[in-house]
Amino acid sequence: MNSIVAPNVEAIINRKCLKQSAVAEKAGYTKQQFNSMLRGRKVIRDTDIMRIASALEVDANTLFEERETSG
């Protein structure tokens with residue numbers, strides 16, 4: 001699940017000019033836990049998706065959208 005979700009979470013954080021630590025706190029994670037999810041060291045579960053989407057104020061489906069890559 002992380003392969004699509006983590007880059008999308010990071011893109012949303014960047015697009016909204018948020019701090020990763022603030023999103024982590026709002027979702028109920030420590031900075032280290034949240035960073036581990038985004039780096040693939042911790043699996044992002046269904047319950048995590050809901051918490052992260054809520055913290056980012058986006059629909060959960062947004063985290064699964066395929067992004068076009070340039071190159």
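Helices (H or I, at least four residues) and strands (E, at least two) are DSSP runs, numbered from the N terminus. With that naming in hand, the helix α3 can be located at residues 31-38, and α3 is followed by glycine 40, whose phi is positive, near 85°.

The structure is a predicted model, in which local features need pLDDT of at least 70 and side-chain atom pairs count only at pLDDT 80 or more, while totals for chains, interfaces and linings use all residues. Residues are numbered from 1 along each chain as its sequence is written, and side-chain values use heavy atoms, with hydrogens and water left out. The term pLDDT stands for the predictor's confidence in each residue, from 0 to 100. For this protein the average pLDDT is 92, and 90% of the residues score at least 70. Confidence is lowest in helix α1 (residues 2-15), with a mean of 92, and highest in helix α2 (residues 20-27), at 98.

Cysteine 17 has a positive phi of about 55°, although it is not a glycine. In what follows, buried means under 20% relative accessible area, exposed means over 50%, and partly exposed is in between (1.4 Å probe, protein chains only). Because its relative accessible area is 70%, cysteine 17 counts as exposed.

Next comes α2, whose buried residues are Val23, Ala24 and Ala27. Seen down the axis of α2, these residues fall within an arc of 100°, so they line one face of the helix; the arc is that of the directions from the helix axis to the C-beta atoms. On the face of α2 turned away from the buried side are the exposed residues Glu25 and Lys26. After α2 stands glycine 28, with a positive phi near 90°.

How do α2 and α3 lie relative to one another, and at what angle do they cross? Two packed helices are described by the angle between their axes and the distance between the axes. Axes are lines fitted to C-alpha atoms, for helices over the stretch in contact, and angles run from 0 to 180 degrees between N-to-C directions. The axes of α2 and α3 come within 9 Å and cross at roughly 105°, which makes α2 roughly perpendicular to α3. Angles under 35 degrees count as roughly parallel, over 145 as roughly antiparallel, 65 to 115 as roughly perpendicular and the rest as oblique. Gln20, Ser21, Val23 and Ala24 of α2 make the contact with Lys31, Phe34, Asn35 and Leu38 of α3, where contact means heavy atoms within 4.5 Å.

Lysine 31, which lies in helix α3, is exposed because its relative accessible area is 53%. Leaving aside residues up to four places away in sequence, lysine 31 touches Ser21 and Ala24. Methionine 37 also has its place in helix α3, but methionine 37 is buried, with a relative accessible area of 0%. Along the chain, methionine 37 and aspartate 48 are eleven residues apart, and their C-alpha atoms are separated by 9.3 Å. The buried residues of α3 are listed as Phe34, Ser36, Met37 and Leu38.

In α4, the buried residues are Asp48, Ile49, Ile52, Ala53, Ala55 and Leu56. They cover an arc of only 160° around the axis, which puts them on the same side of α4. The face of α4 turned away from that buried side carries the exposed residues Asp46, Met50 and Ser54. Glutamate 57 follows α4 and has a positive phi, near 60°, and glutamate 57 is exposed, with a relative accessible area of 60%.

The last topic is the interior. In soluble globular proteins, nonpolar side chains tend to be buried together. A nonpolar core is a set of buried Ala, Val, Leu, Ile, Met, Phe, Trp, Tyr and Cys residues joined through side-chain atoms within 4.5 Å. Here the largest nonpolar core has 21 residues, and those with the most contacts inside it are Val9, Tyr29, Phe34, Ile52, Leu56 and Leu63. The elements that give two or more residues to this core are α1, α2, α3 and α4 (46-56).
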